[in-house]
Amino acid sequence: MNLYEVLDKLNIVYEEVSHEKVMTVEEAKNIENMIEGIGSKNLFLTDKKNYYLVILEENKRADIKELMNIIGCSRLSFASSNRLKEILDLEEGSVTPFGIINDKDNKVMLLIDKDLKNNKLLFHPNTNTKTISVSYDDLIKFIEDQNHKYINF
């Protein structure tokens, strides 16, 4: 099942806009004028055994020490682009929580910024030439449907 089929199956309401390829959060800021929602920063991290997708409000910095305390590890770094492709079937510049649709072995845990609650959120639908807007609650519905664990922090 592709992403849009899953969203429809779950009755997730979304808006979508097509645009030029964007590779960074800064480049994506222009999209916010085209569609309702808060931009996000999505980081694919590893502790060399496990993988984590950190979802933050776009203007926040990830506090790596805080994240290490939350998940109980002593080292955390960016996962390689090869692992990103292998596990989530995503390219650099298109990291998104919707990539977990390709993580059939549930290797990725999501860490979600609590400040994103009660908002419309902007994410790429597994390609960085489109952006979709979904509610926080619908994002959680999608994550749970994909049988992935998540932590709000």
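## Helices, cores and salt bridges in a predicted model

Student: Which residues of helix α4 (residues 81-88) are buried?

Tutor: Happy to start there, with two terms. Helices (H or I, at least four residues) and strands (E, at least two) are DSSP runs numbered from the N terminus, and buried means under 20% relative accessible area, exposed over 50%, partly exposed in between (1.4 Å probe, protein chains only). In α4, the buried residues are Leu84, Ile87 and Leu88.

Student: Which strands do the buried residues of α4 pack against?

Tutor: Contact here means heavy atoms within 4.5 Å. The face of α4 turned away from its buried side carries the exposed residues Asn82 and Glu86. The buried residues of α4 pack against β2 (40-46), β3 (51-57) and β5 (108-112).

Student: Which residues of the largest nonpolar core touch the most other members?

Tutor: A nonpolar core is a set of buried Ala, Val, Leu, Ile, Met, Phe, Trp, Tyr and Cys residues joined through side-chain atoms within 4.5 Å. The largest one has 31 residues, and those touching the most other members are Phe44, Leu88, Phe98, Ile112 and Phe142.

Student: Which element gives the most to this core?

Tutor: Several elements give two or more residues to it, including α1 (3-9), α4, β7 (130-135) and α5 (136-145). The one that gives the most, with five residues, is α5.

Student: What do the buried residues of α5 pack against?

Tutor: The buried residues of α5 are Tyr136, Asp138, Leu139, Ile140, Phe142 and Ile143. Leaving aside neighbours within four places in sequence, Phe142 is in contact with residues including Leu3, Val6, Phe98 and Ile101. As a group, the buried residues of α5 pack against α1, β5, β6 (120-123), β7 and β8 (150-152).

Student: How many salt bridges does the structure hold?

Tutor: A salt bridge needs a side-chain nitrogen of Lys or Arg within 4 Å of a carboxyl oxygen of Asp or Glu. One joins Glu86 and Arg83 (2.9 Å, N to O), both in helix α4 and three residues apart, about one turn of the helix. Another joins Lys141 and Asp138 (3.6 Å, N to O). The total is eight.

Student: Is Glu58, which meets Lys29 in a salt bridge, buried or exposed?

Tutor: The side chains of Lys29 and Glu58 meet at 3.7 Å, N to O. This pair links distant parts of the chain, 29 residues apart, with Lys29 in the loop between α2 (25-28) and β2 and Glu58 in the loop between β3 and α3 (64-71). Lys29 is partly exposed, with a relative accessible area of 38%. Glu58, with a relative accessible area of 14%, is buried.

Methods:
Residues numbered from 1 in each chain as written. Predicted model: local features only at pLDDT ≥ 70, side-chain atom pairs only at ≥ 80, totals over all residues. Heavy atoms only, no water.
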